[in-house]
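Colleague: Please take me through this model one question at a time, beginning with the conventions that apply.

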Amino acid sequence: MDLNTVWFILVGVLLTGYAMLDGFDLGVGALHLFVKKDEDRRIFLNAIGPVWDGNEVWLVTGGGALFAAFPMAYATVFSGFYLAFMALLCGLIFRAVAIEFRSKESWGWWRQMWDIGFSLGSIGSSFLIGVAMGNILVGIELDARGNYIGGFWALLNPYAVLLGLTTIALFTMHGSIYLVMKTEGELQARLRRWVNRTIGIFLFFYIILNVATLVYAPHILEILRARPWLLAVFALNVLVVMNIPRQNHKGNEFAAFLSSCGAMILLMVLFGLTVYPHMVLSMPNPENSLTIYNAASTAKTHFIMLIMAIIGIPVVLAYTVSVYYIFRGKVRLTEHSY
Amino acid sequence: MDVEILSRIQFAFTVMFHYLYVPLTMGLGVVLVIMEAMWLKTGSPKYHNMARYWTRVFGLTFAIGVATGIVLEFEFGTNWAAYSRFVGDIFGSALAAEGIFAFFLESGFLAILLFGWNKVGPKLHFFATCMVCLGAHFSAVWIVIANSWMQTPAGYHIEYKGEIMPPGFVPNADQILHSRAVIDDFWAMIFNPSSMERLSHVIVGCWQAGAFLVISISAFYLLRGRHIEFAKTSMKVALIFAAVASLLQLATGAKSADGVTRNQPAKLAAMEGVFKTQANAPMAIFGWVDMEKEEVVGLQIPGMLSILVGGSTNTVVTGLDTFPKEDWPPVQAVFQFYHIMIAIGMALIAIAWFGIFLWWRGQLFNTSNPIVRAYYWILVLSVLGPQIANQTGWFTAEMGRQPWIVYGLMRTSQGLSEVVAANHVLASLIMFTFIYALLFAVFLYLLTRKIQRGPDDEEESEAMPASWVALMERRKGQARSAG
């Protein structure tokens with residue numbers, strides 16, 4: 001395996017970590033306005049309180065790793081998706097500060113304002129992340145130097161929008177399962193019912209998405225023909241998703257959450273195996289595509305960064321796991337809570 | 001307005017706003033470490049309450065720092081795509097390292113610092129505080145290294161259309177989009193000629209920001225006669241920290257100026273308004289640059305700049321006349337920002353050491369003395385000093401590098417995203433202006449509220465789990481028997 005492939009995998013690992021971790025706190029945001037009681041909303045916020053910030057670091061580090069390992073792809077995607085990424089920043093800023101600000105005052109309008117900011121910021125961010133991934137899958141129009149020339153509205157093509165909606169549904173499902181783990185009593189019972197509904201909604205979008213893939217992204221059919229074992233990953237993914245309601249029904253919320261994490265990982269694996277070795281597929285001029293070779297840094301940089309990753313990642317995993325372990329269990333509201 | 005100026009305004013605005021919070025988190029981080037260490041050593045609830053209170057202020061600044069920091073990482077790609085392609089092989093790895101080594105450390109342990117008071121033991125909590133502080137400093141290390149490489153590139157060669165070019169090759173306007181800088185020597189890149197001196201200057205500037213925030217709020221309480229014990233103790237800790245940091249900043253500043261003289265003579269010439277290459281060059285205390293006559297009007301010390309640069313009035317200082325006019329930085333702006341920074345730096349030394357002097361004379365907390373009261377009002381305002389000095393210092397560094405985005409290699413105008421239109425940047429700039437205005441208003445409001453509410457009162461400690469209380473009682477016993 002060459003270093004380019006190693007870095008394709010490592011950037012993928014970071015972005016998968018992001019989807020799996022920030023995915024649930026974006027999903028909690030999407031559900032936030034569906035509970036009306038102030039105490040319940042505070043429980044939602046404090047369920048993600050100690051961890052959301054660390055979760056977002058996966059995106060920051062994933063972005064940094066993309067910049068370092070594949071600068072051409074980073075530059076093309078970030079400049080090409082300019083307005084979409086500015087809107088994403090707006091969403092991420094609002095949800096971050098809303099968590100911090102919301103419970104600092106008890107006025108109704110104050111809390112309502114930040115609640116809306118938190119929720120819309122979360123939904124909007126999920127949507128835009130999905131739209132970006134959709135465009136990478138379906139391909140965007142690049143010129144010979146690898147600049148995106150399709151304009152803003154072309155990014156909102158039906159396939160990308162559909163993947164955006166699917167991402168909201170996926171994160172909402174993931175978030176509701178996480179919340180079942182962090183709550184108890186009546187609220188938990190209500191969330192358990194929500195889990196089944198969110199799974200239903202996710203599967204609905206996921207099926208439409210797969211049909212749409214056949215219509216809008218015929219090149220993916222070619223890829224499937226060349227890599228038929230992708231279907232096995234797909235089947236495994238469906239099984240893992242089906243396991244979520246089963247575990248939820250049995251009351252094993254931790255197992256349900258792990259299943260949900262597994263589903264996110266498999267979805268990202270599918271995504272990665274489908275686009276490989278492309279970083280940014282150019283449609284309609286595939287010869288302008290950015291791949292893990294023509295978009296890459298030098299082997300020397302890849303090697304230096306690999307050393308950093310080998311030193312850094314085990315340490316990062318160790319204290320990420322420790323923090324989750326320390327803050328395990330049900331949410332208790334105290335004077336330090338949000 | 002064209003896309004270049006809009007992108008520059010947007011980057012400057014978003015990084016300036018972010019940099020209101022960064023120095024506070026780094027400086028307060030050190031203050032928190034000191035306070036918790038004192039608490040662990042003495043077991044006194046006084047220090048516990050102090051650590052608790054300043055942690056709340058810390059949490060507020062940290063949240064805005066995180067939210068506004070992610071914007072910057074995006075902006076390299078969104079607004080400066082050509083730059084990102086040119087430097088990605090070098091600059092990108094510093095950013096990735098910042099994520100792996102700094103941000104994860106910082107954010108992971110932040111959870112324990114903010115929410116772990118009754119989840120973990122006091123020692124583990126102290127450890128978490130140290131790690132958050134260390135993480136914030138690591139972050140400064142990587143980002144200042146990356147920025148210093150833009151000032152004094154080292155450890156690289158240029159590749160043009162995939163071919164290695166000889167050292168000293170500077171791509172022209174036609175070649176630049178097909179060129180990139182490629183790493184030769186990682187350690188030469190890390191320890192590029194300006195990175196260490198600039199890093200020390202940046203870090204100490206952040207310490208000053210944290211120290212003077214604590215000093216300012218404590219002085220306010222003492223003037224109002226509230227939370228007196230808390231304010232006195234906070235003031236003592238922060239005053240020592242500020243006094244040390246302010247002197248240290250003079251040393252790191254001198255070292256940085258020395259480095260600029262060697263590495264970026266055009267920047268130094270703009271900082272001091274030196275147009276003609278000359279011996280016996282004067283140094284301005286303050287002044288105005290007359291761009292028509294190409295001279296500085298104001299208070300100047302003859303020969304001083306030559307002495308500082310080379311130890312003698314005979315030292316020749318390189319002037320702007322050595323460089324073609326299109327390579328000049330904006331002289332007036334660089335000159336003024338630099339001199340504002342210097343003036344504030346000197347004032348901060350005076351303020352901090354006057355406090356030490358009062359302390360030595362036993363007058364520091366004698367609020368019936370009108371001089372002390374007047375001094376306290378200066379202390380209340382002193383929180384602005386490091387903030388303005390940090391900002392103007394960065395203006396000097398970054399505007400002084402112009403017209404280059406990578407000094408001597410790539411011009412700022414060549415680094416833009418080719419596909420981003422001016423109206424898109426205008427739209428995002430308006431968006432950031434609104435969001436940041438809102439955030440700043442809310443931040444000031446909440447900070448004022450925290451200051452008005454104040455810490456919990458001195459005698460009783462904030463709620464601590466029984467195991468912590470027991471441990472602290474033992475500590476107090478040890479401290480007593482040792483004393």
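This is a predicted model: local features need pLDDT of at least 70, side-chain atom pairs count only at pLDDT 80 or more; totals for chains, interfaces and linings use all residues.

Modeller: Two strands pair if DSSP finds at least two bridges between them; strands (E, at least two residues) and helices (H or I, at least four) are DSSP runs, numbered from the N terminus. Residues are numbered from 1 along each chain as its sequence is written, while chains are lettered from A and ligands numbered from 1 in the order in which they are written.

Colleague: What ipTM does the predictor give the complex?

Modeller: For chain B, the mean pLDDT is 89, and 94% of the residues reach 70 or more. For the complex, the predictor reports a pTM of 0.90 and an ipTM of 0.90.

Colleague: Which helix of chain B has the lowest confidence?

Modeller: In chain B, confidence is highest in helix 12 (residues 384-399), at a mean of 95. The lowest mean, 64, belongs to helix 14 (residues 466-482) of chain B.

Colleague: How many charged residues are on the side of chain A that touches chain B?

Modeller: Contact (C-beta atoms, placed from the backbone, within 7 Å) involves 53 residues of chain A and 53 residues of chain B. On chain A, helix 3 (52-69), helix 4 (71-80), helix 5 (82-101) and helix 12 (299-326) each give two or more residues to that side. By class (Ala, Val, Leu, Ile, Met, Phe, Trp, Tyr, Cys and Pro nonpolar; Asp, Glu, Lys and Arg charged; the others, Gly among them, polar), the residues of this side are 34 nonpolar, 14 polar and, as charged residues, five.

Colleague: Why is helix 3 of chain A roughly antiparallel to helix 3 of chain B?

Modeller: The axes of helix 3 of chain A and helix 3 (residues 81-115) of chain B lie 7 Å apart. Angles run from 0 to 180 degrees between N-to-C directions of lines fitted to C-alpha atoms, for helices over the stretch in contact, and those under 35 degrees count as roughly parallel, over 145 as roughly antiparallel, 65 to 115 as roughly perpendicular and the rest as oblique. The two helices are therefore roughly antiparallel, as they pack at an angle of about 165 degrees.

Colleague: Which residue is the bridge partner of B:Tyr156?

Modeller: An open, antiparallel sheet of three strands in chain B has the order 2-1-3, with strand 2 (163-164) and strand 3 (179-183) at its edges. Strand 1 (residues 156-160) and strand 3 of chain B pair in the antiparallel sense over five bridges, and helix 3 of chain B lies across both, at about 5 degrees to strand 3. In strand 3 of chain B, the partner of B:Tyr156 is B:Ile183.

Colleague: Which residue in the turn between strand 4 and strand 5 of chain B has a positive phi?

Modeller: Strand 4 (residues 283-290) and strand 5 (residues 295-301) of chain B pair in the antiparallel sense over seven bridges, with B:Val289 opposite B:Val296. These strands form a hairpin with four residues between them, and the residue in the turn with a phi of about 55 degrees is B:Glu294.

Colleague: What is omega for the cis peptide bond between A:Met283 and A:Pro284?

Modeller: A:Pro284 is located in the loop between strand 1 (278-280) and strand 2 (290-291) of chain A. Its cis bond with A:Met283 has an omega of about 10 degrees.

Terms used:
Two residues are in contact if their C-beta atoms, placed from the backbone, lie within 7 Å. pLDDT is the predictor's confidence in each residue, from 0 to 100.
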